[in-house]
Amino acid sequence: MNEMLFFAFRNKKLRIGLSIVLFFVFLGIFGPMISKYKDPLEYVGTGYQPPSKEFWLGTTTFGQDVFTQLVYGIRSSFLVGLVGGGLATLIGLIIGFFAGYEGGWVDELLMMITNILLVIPTLALLIIIAAYLPYRGIFVESIIIGFTAWPWTARAVRSQTLSLRVREFVNLARISGRSHFKIILYEIMPNMFSYVFMVFILQFGGAILAAVGLDFIGLGPTRGISIGLMMQNAVLWNAIQLGMWWWAIPPGLVITLIVGALYFMNTGLDEVFNPRLREM
Amino acid sequence: MKKYLRMKILVYILTFIFAVTIDWLIPRLMPGNPILVLVSRFSGLPESAKVIYSYLTKAFGLDEPMWKQYFNFWIAFFKGDLGISIYLYPKPVLDVLKSALPFSLGLLLPSIILSWIVGNNLGAAAARRKKLDSVMLPIMYFITGAPYLWLGILLAYYFGVVFRIFPIAGAYSFSLKPHLSWLFISDYLKHWILPFLSLFIVQLGGWAIGMRNMVIYELESNYSRYLETLGVKQKLIRKYAFRNAILPQVTGLALQLGTIIAGQVTTEVVFSYPGIGYVLTQAILNQDYFLIQGCFIFIIIGVLVANFTVDLVYMLLDPRIRYSYGGEI
């Protein structure tokens with residue numbers, strides 16, 4: 001464990017990625033406190049204003065403060081990542097572990113379902129579900145994302161489990177009469193901890209991106225603000241054509257930095273956990 | 001080989017049945033009554049409201065038992081009857097989608113194929129080459145983290161508004177009608193280049209990273225080490241590594257299709273490009289449920305066809321599958 005931490009702190013990719021992500025986490029937590037305006041949708045000044053001392057990132061066509069919207073949007077993005085990504089990881093783990101460990105018809109059935117869902121694009125499923133929900137909050141959106149994003153995780157976890165279950169310590173546990181559930185929980189899972197952690201990071205980023213896409217095409221939360229909604233409004237009200245870069249570009253830049261940093265962190269972690277990938 | 005194909009086709013048929021069932025089921029499961037919502041939109045026009053209502057009750061057959069409704073849905077589906085668009089009333093959904101499809105494919109196919117080829121070569125070139133790798137890798141990670149629509153906005157802002165090089169809305173100028181002439185083709189290409197680039201660039205990042213990691217993995221493996229000790233030239237070893245590393249990338253292509261299509265939808269919206277994605281967004285904004293469901297079916301069919309193509313390509317590339325089939329693919 002200490003050795004892991006040593007390599008973790010020495011790894012440049014992990015350090016850079018983690019600091020960017022942490023920066024935005026703090027911005028999401030404390031941003032709404034330092035911004036001058038409390039309500040992201042409130043009219044606070046004339047519209048079309050470029051960034052200034054009064055409005056750090058300018059104002060929208062409707063005179064809303066872009067910075068205030070952005071920090072609230074970051075908050076909801078992290079919420080979606082945590083809930084949606086967490087749920088997707090959890091479902092993927094459960095299905096992957098059982099399919100891989102039990103084998104036989106359980107495996108066949110679970111993998112058939114997984115393969116079917118794997119082919120159907122997540123966004124298409126999200127659209128057909130979200131379009132018929134009259135009221136959607138950010139939490140509901142995250143749950144829908146979680147329930148549709150798990151298939152690739154299930155498949156990856158299953159193949160890892162397949163290779164672990166024939167190891168001797170698992171056989172020993174089986175001979176000692178432990179229940180399948182306990183073997184999965186105490187023998188197999190601890191050996192995949194690093195892998196699970198990395199899967200979660202990828203799902204976290206994936207959920208954030210999925211939410212942005214969903215919000216953008218008009219299936220986002222019906223109340224409140226999110227980064228996808230900001231971009232939808234910016235495009236709908238011709239912010240690009242009018243040259244309002246402060247409204248059109250920063251929201252996507254934030255998402256790009258967060259998700260890119262998450263992926264970067266993931267590679268760093270891979271090198272920490274997997275000595276063969278470390279650079280000499 | 002036959003077993004491999006049979007398994008795949010079985011999964012695809014089941015997927016298709018599942019998708020159509022979802023398409024039928026969700027409107028019936030969800031709270032609120034979409035039909036009443038639809039009819040209420042025509043409340044100002046009692047004549048059309050009546051027509052719509054009778055059409056809807058007939059289409060959904062709501063007075064019939066559930067199993068019969070499901071059965072009728074399939075029959076209508078095979079007759080090509082996807083309902084009538086409310087937002088573009090009285091155009092049938094199928095016609096709306098048919099005219100949008102070429103524009104979507106014209107963006108999707110070139111961007112997928114080109115980014116896959118370029119990305120793989122870039123990634124293979126960067127693997128275990130320190131200088132190139134340390135410059136390229138961070139860039140690629142942020143590119144692949146970018147939402148497609150944001151890259152679209154960025155390109156539209158710089159090339160359309162600041163430098164004014166390319167138009168940023170539509171698939172061709174309003175003054176032109178689609179026909180075969182140099183004028184139209186050059187106009188089409190001018191409108192095409194920015195949405196194409198935003199799809200191309202985001203996909204590029206993912207392929208380059210994947211290929212880099214795969215090639216490093218192959219270069220670490222025993223056969224590469226053995227060739228090295230024999231004194232074989234680096235170039236040849238890399239060639240072998242590339243060939244082995246390309247297979248997972250082909251599988252990756254099938255897995256990525258969903259994300260790419262999602263990106264396509266949002267990119268089309270940014271550029272008001274009249275493809276399936278743009279139609280879908282209009283349908284959502286106008287609560288045109290038939291059109292939404294039609295788009296869903298079209299996307300599913302497209303993904304299934306693409307997946308099947310990828311499987312065939314994989315079979316062509318991997319001799320192990322051609323000769324036999326066993327174990328996990």
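At what angle do the axes of helix 4 of chain A and helix 1 of chain B cross?

## Model and conventions

This is a predicted model, in which local features need pLDDT of at least 70, side-chain atom pairs count only at pLDDT 80 or more, and totals for chains, interfaces and linings use all residues. Residues are numbered from 1 along each chain as its sequence is written, while chains are lettered from A and ligands numbered from 1 in the order in which they are written.

## Helix 4 of chain A against helix 1 of chain B

The two axes cross at roughly 70° and come within 9 Å, helix 1 of chain B spanning residues 2–29. Axes are lines fitted to C-alpha atoms, for helices over the stretch in contact, with angles from 0 to 180 degrees between N-to-C directions. Helices are DSSP runs (H or I, at least four residues), numbered from the N terminus. The angle therefore makes helix 4 of chain A roughly perpendicular to helix 1 of chain B (65 to 115 degrees; under 35 is roughly parallel, over 145 roughly antiparallel, and the rest oblique).

The crossing is right-handed, that is, the near helix is turned clockwise from the far one by less than a right angle. A:Met112, A:Asn115, A:Ile116 and A:Val119 meet B:Val11, B:Leu14, B:Thr15 and B:Phe18; contact requires C-beta atoms, placed from the backbone, within 7 Å. Ala, Val, Leu, Ile, Met, Phe, Trp, Tyr, Cys and Pro count as nonpolar, Asp, Glu, Lys and Arg as charged, and the others, Gly among them, as polar.

## The chain A–chain B contact

Chain A contributes 42 residues and chain B 49 residues. On the chain A side, the elements giving two or more residues include helix 4 (104–119), helix 7 (151–164) and helix 13 (250–273). Helix 13 of chain A gives the most, with 7 residues. The chain A side divides into 30 nonpolar, 11 polar and 1 charged.

## Helices 5 and 10 of chain A

Within chain A, the axes of helix 5 (residues 122–130) and helix 10 (residues 193–216) come within 11 Å and cross at roughly 50°. Helix 5 of chain A is therefore oblique to helix 10 of chain A, and their crossing is right-handed. From helix 5, A:Thr122, A:Leu123, A:Leu126 and A:Ala130 meet A:Ala210, A:Gly213 and A:Leu214 of helix 10.

## Helix 11 of chain B

Helix 11 of chain B (residues 276–285) has 9 of its 10 residues buried, with 20 or more other C-beta atoms within 10 Å of their own. Their cover includes helix 5 (93–126), helix 10 (234–270) and helix 12 (289–317) of chain B. B:Gln287, which follows helix 11 of chain B, has a positive phi near 50°.

Methods: Contact = placed C-beta atoms within 7 Å. Buried ≥ 20, exposed ≤ 12 C-beta atoms within 10 Å, placed from the backbone.
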